[in-house]
Amino acid sequence: MSKNELSPKTREELKQYVFPIIACMHEVHNELGCGLPEYVYQEALYKLLSMRGFDAKKEYQVHPFFMGEPLETYLKMDIVVIMPRGNVIIECKAISNLGEREHYQTFSYLRSTKFPIAILVNFGTFGRAQIERFYFRNNEITAF
């Protein structure tokens, strides 16, 4: 992840861009609580995003490239929200705490798709869902 900081204006614009998506994540967590399997949260979030008018794709597939050629295998992202200024990857988890593995998985999705934003959400926590936002630009990933 890049250590470069985003300008306050860019950071605020990005937060506003994903605010309605994050609101849906909190609503799902508030309704279901923690302790359920990941796929339950994924389906509930997909359903709520669709109900709110988002163009959401569940289990979105993309072929990674190697030496300029697409591989036959594919990556499968939990949800991708198709948005006018850049698609948003959503990676859902239901674990006690996010670690390096979850971050690296999310970062690989950003690098493979070149989508500008990824949100890593962990529904497995008490109180509030653990949500981390990442911005991909100029081959660098920055948290915001």
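Biologist: So contact means heavy atoms within 4.5 Å. What do the buried residues of α3 pack against?

Modeller: They pack against β1 (55-62), β4 (75-82), β5 (88-93), β6 (117-122), β7 and β8. Helices (H or I, at least four residues) and strands (E, at least two) are DSSP runs, numbered from the N terminus. Buried means under 20% relative accessible area, exposed over 50%, and partly exposed in between, with a 1.4 Å probe and protein chains only.

Biologist: And what sort of model is this?

Modeller: A predicted one: local features need pLDDT of at least 70, side-chain atom pairs count only at pLDDT 80 or more, and totals for chains, interfaces and linings use all residues. Residues are numbered from 1 along each chain as its sequence is written, and side-chain values use heavy atoms, leaving out hydrogens and water.

Biologist: Which residues of α3 are buried?

Modeller: E102, H103, T106, F107, Y109, L110 and T113. Seen down the α3 axis, they fall within an arc of 155°, so they line one face of the helix. That arc is taken from the directions from the helix axis to the C-beta atoms. The face turned away from the buried side carries exposed E100 and R101.

Biologist: New topic. How do β7 and β8 pair?

Modeller: Antiparallel, over four bridges; β7 is 130-137 and β8 is 140-143. Strands pair if DSSP finds at least two bridges between them. Y135 stands opposite T142 in β8. Two residues lie between the strands of this hairpin, and N138 there has a positive phi near 50°.

Biologist: Where is Y17, and what does it touch?

Modeller: Y17 is in helix α1 (residues 8-32). Leaving out residues up to four places away in sequence, Y17 touches M83, P84, R85, G86, V88 and I117. Its side chain reaches the backbone nitrogen of R85 at 3.0 Å.

Biologist: Is Y17 buried or exposed?

Modeller: Buried, at 12% relative accessibility.

How values were computed
Polar contact = N/O pair within 3.5 Å; in protein donor to acceptor, adjacent residues only side chain to side chain.
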